[in-house]
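User: Please go through this structure with me by question and answer. I am new to reading models.

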Amino acid sequence: MSQLLEIKNLSVDIMSTRGLIHAVRQVNLDIEQGIIHGIVGESGCGKSVTAKSVMRLHHPRTVRIRGEIKFNGVDLLSLSEREMQRIRGREISMIFQDPMSALNPLFCVGDQIAEVFMHHFKDSRAAAKKKALELLEQVGIHPAQTRYQQYPFEFSGGMLQRVVIAIAVAAKPKLIIADEPTTALDVTIQAQVLELLKQLQKELNVSIMIITHNFGIVAELCDHVSVMYAGTVLETGRKRDMFRHAVNPYSRALIESIPKTGHAGQRLTTIPGTPPELFDLVDGCPFAPRCDFASDICWREKPLLAPCAGMQAPQGRLEAEGESPSGLPEGAHSAVEIGHLAACHNCCCGKEAQG
Ligand SMILES: Nc1ncnc2c1ncn2[C@@H]1O[C@H](COP(=O)(O)OP(=O)(O)OP(=O)(O)O)[C@@H](O)[C@H]1O
Ligand code: SF4
Ligand SMILES: [Mg+2]
């Protein structure tokens with residue numbers, strides 16, 4: 001499948017009052033056309049900074065971005081602000097965590113949706129209103145005629161997030177970035193909003209990059225997943241492979257810390273320690289201080305994303321033969337698909353630990 005978004009060697013440094021923060025460190029990440037790709041990791045690991053870099057929302061005077069962010073083959077970092085404005089909302093849109101602060105409290109919600117059609121497609125006010133009413137119905141806000149006129153304070157959190165989703169899909173973008181879109185909602189409403197995203201993704205064949213702390217959301221929604229830690233991507237691949245065969249100890253620890261049903265009275269699994277501050281650039285693996293499998297090399301050299309030696313198959317043969325009837329690439333060494341990459345010096349250590 002073709003890549004819609006290709007992030008290569010992305011580094012983002014932020015000037016803060018406490019010093020220079022190396023928030024994102026040589027991140028490599030690809031998002032395919034028409035899939036939902038989850039980005040998971042603990043608080044402060046650089047998920048939002050990466051997403052904002054794609055939208056070019058950082059302040060250029062305090063934030064330095066290096067690397068390449070190719071969207072449909074075009075490097076977004078090389079575009080002028082004017083060219084970028086044509087892409088924001090039209091080609092790539094964003095859903096933020098808090099819908100109340102994403103909307104303007106002084107305008108009725110319907111007009112805020114209609115504005116997308118007037119701005120990007122130069123529709124007349126009447127035509128834009130008609131499309132906005134259809135969209136309100138499509139995202140489950142009824143009766144649309146009445147709700148169109150209402151202001152954000154008249155909506156519940158879940159309904160507001162539906163409005164924000166309507167704005168995000170209005171221009172039929174190719175990519176939607178959803179930054180923790182359900183964190184502010186209770187679990188029932190969260191499930192409904194996730195279901196709506198899933199449904200719209202299928203209807204519009206849009207790619208979604210969803211940022212979350214929650215592997216449960218990944219399990220529910222995503223096709224692919226990337227695990228971030230301390231500004232780097234430690235593992236990336238198909239969801240199925242990640243849940244069954246994650247090889248990086250941090251990814252495995254995150255998956256093991258998902259609360260399980262039917263284990264009443266058992267202590268929840270946690271990852272001891274805390275993520276590092278991002279002021280210093282370290283030579284080794286950023287997870288080493290917390291990793292049970294760290295060896296000398298882990299402290300000296302940064303592990304790079306690569307197919308794990310234990311799962312690599314001969315490249316030429318795979319390309320020639322495609323997938324086997326079992327769904328696995330012909331000749332693949334294990335059930336982990338090609339395209340699954342992990343950054344770890346001892347990437348089979350997790351398997352030994354399990355065995
Ligand atoms: N505007 C800013 N000024 C200073 N530091 C910032 C700014 N934005 C982000 N950072 C820092 O950059 C690092 C990465 O932040 P980021 O917001 O990407 O984390 P995150 O993974 O999205 O976390 P969370 O899950 O809590 O949202 C953190 O150390 C954060 O404190
Ligand atoms: S590189 Fe070393 S420290 Fe880092 S996750 Fe792998 S085993 Fe652990
Ligand atoms: Mg964030």
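Analyst: This is a predicted model, in which local features need pLDDT of at least 70, side-chain atom pairs count only at pLDDT 80 or more, and totals for chains, interfaces and linings use all residues. Residues are numbered from 1 along each chain as its sequence is written, while chains are lettered from A and ligands numbered from 1 in the order in which they are written.

User: In which sense do strand β3 and strand β9 pair, parallel or antiparallel?

Analyst: Strands are DSSP runs of E with at least two residues, and helices are runs of H or I with at least four, numbered from the N terminus. Two strands pair if DSSP finds at least two bridges between them. Strand β3 covers residues 36-40 and strand β9 residues 224-229; four bridges join them, and the sense is parallel.

User: Which strands stand at the edges of the sheet?

Analyst: The open sheet has seven strands with mixed pairing, in the order β6-β7-β8-β3-β9-β10-β11. Two of these have a single partner strand each, so one side of each is left without a neighbour in the sheet: β6 (92-95) and β11 (341-342).

User: How are α4 and α7 oriented to each other?

Analyst: Axes are lines fitted to C-alpha atoms, for helices over the stretch in contact, and angles run from 0 to 180 degrees between N-to-C directions. Helix α4 (residues 109-121) and helix α7 (residues 157-170) pack at about 10 degrees, with axes 9 Å apart. Angles under 35 degrees count as roughly parallel, over 145 as roughly antiparallel, 65 to 115 as roughly perpendicular and the rest as oblique. The two helices α4 and α7 are therefore roughly parallel.
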